[in-house]
Amino acid sequence: MSFTTHTGNRGLVLEEKLIFEMGEPGRTGVDLPKPAGIKSRLGGLDRDSDVGLPGLSEPQVVRHFTRLSQKNFGIDSGFFPLGSCTMKHNPRLNEKVARMPGLADLHPMQPESTVQGALELIDSCAHWLLVLTGMPAVAMSPAAGAQGELCGMMAIRAALDARGENRRRVLVPESAHGTNPATAAACGFTVDSIPATEDGRVDLAAFEAKLGDDVAGIMLTNPNTCGLFERDVRKIADLVHAAGGYFYCDGANFNAIVGRVRPADLGIDAMHINLHKTFSTPHGGGGPGSGPVVFSDALAPFAPIPYVVRKGETFHLVETAEEQDGKKPFGRLKGFHGQMGMFIRALAYMKSHGADGLRQASGDAVLNANYLLARLKDKLSVAFPGYCMHEALFDDDFLKDTGVSTLDLAKAIIDEGFHPMTMYFPLVVHGALLIEPTETETKESIDQFCDAVLALVAKAESGDAEFFKNAPYLTPRRRLDETAAARKPVLRWMPETA
């Protein structure tokens, strides 16, 4: 039996008005006396009308934001299987260390002598990244993966300019992250797409056919966005180098191979590393992100400033052109020195796991993804044959003739208590469902998710398409008209007029 309550509440899941709808003129949570003897500094520009903010008591404010927080779904709430995003647990030890006195209260403009510990920490984090990738240089300052891409491509352009070569064509596989072609274009390159083979990897013959003396390089994701390892990666590196170009690798999926494959051994010249994906720093709204970039010998001289150097027992931050000692950095990419809080969290994760623990984490991530693939492949249609790496990719062929779409299935998954998987990405697969369990999920949680998905697939096959069209049923808000929400968003609350 279903019913609607008078209040709109569903048990203890309370109906939440907009904070403006709750406000009353004159109501306030503070009561401060007007200071005596203070002359106005506004020069006659005093406000003569209300600011337009809601009038609320303190309990109203506390309850409102507490209830909003309870409507959030995050990795601390449950299974969050977004493919391509690696939504894994952020250990609380990392958070505790990042909040320690002497780290949490640092200021980037402190004298160098007062931040020796912070500079050593940055240098230690950089050392781990260099050892794990086998590369000789790293830029720590990029603020996120996309800015890391920008950093790598700017270094490639600087290297080409130093050679006096006007190479401006960049090869980008169809399965690349969407930021790859955007980054190349932002750096003044033109993008030339490379098709994929039927098994979801770069078409080597098509790649070779596109090589020429105007090619600046290739932007390749490995493991790629289809969750597959590029088997021809070493051949691709050799070919692009022979043509005079550079190999930029999107390292967003380094979490699948860390401790097992060194990017330097694959012939990579530049690769960004998402600390939030591989080394557990908070992701998305819990950020900020951090995307250090490692460089080969060929590109190391062009890495941006600042960077940390050690002189005896003292650490120094190199920030000016006068200190370069033969290097030719393309400039400064970001204000100050990078995302310090993320370096702290990442280093805590690395040191607590050790090299053997990081290797196990990448193995467990691949194991979990392949277990999920094995559980679902008999009912869901697998996009590409064989084993996957850290994420499993399905197309929507299994929903053919059911009247149910990928979006419909995802909406129904919400009612089962799970955040939906990534949908309709990568674009090379029709109706894609990209699922990444990560290494931090137990077999029990993966089984629970798989059982729910299989039950929904059986319901779709039974002909009950109408059920899916109206899902979700149990959320605080029902299904939106997503087209109208995108094209005609209501972004500002306006009071009702009489």
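Author: Helices here are DSSP runs of H or I with at least four residues, strands are E runs of at least two, and both are numbered from the N terminus. This is a predicted model, where local features need pLDDT of at least 70, side-chain atom pairs count only at pLDDT 80 or more, and totals for chains, interfaces and linings use all residues. Residues are numbered from 1 along each chain as its sequence is written, and side-chain values use heavy atoms, leaving out hydrogens and water.

Reader: How do you know that the span of helix 5 agrees with what it should be?

Author: The expected span is 1.5 Å times one less than the number of residues. For the 18 residues of helix 5 (145-162) that gives 26 Å, and the end C-alpha atoms are 26 Å apart, so the two agree.

Reader: What makes strand 11 and strand 12 a pair?

Author: Pairing takes at least two DSSP bridges between two strands. Strand 11 and strand 12 (residues 433-435) have 2 bridges, in the antiparallel sense. In one of the bridges, T422 is partnered with L434 of strand 12.

Reader: Why are strand 10 and strand 11 said to stand at the edges?

Author: The open sheet runs 10-12-11. Strand 10 (392-394) and strand 11 (422-423) each have a single partner strand, so one side of each lacks a neighbour in the sheet.

Reader: What does F207 touch?

Author: Contact means heavy atoms within 4.5 Å. Leaving out residues up to four places away in sequence, F207 touches L171, I194, V202, I218, I236, L239 and V240.
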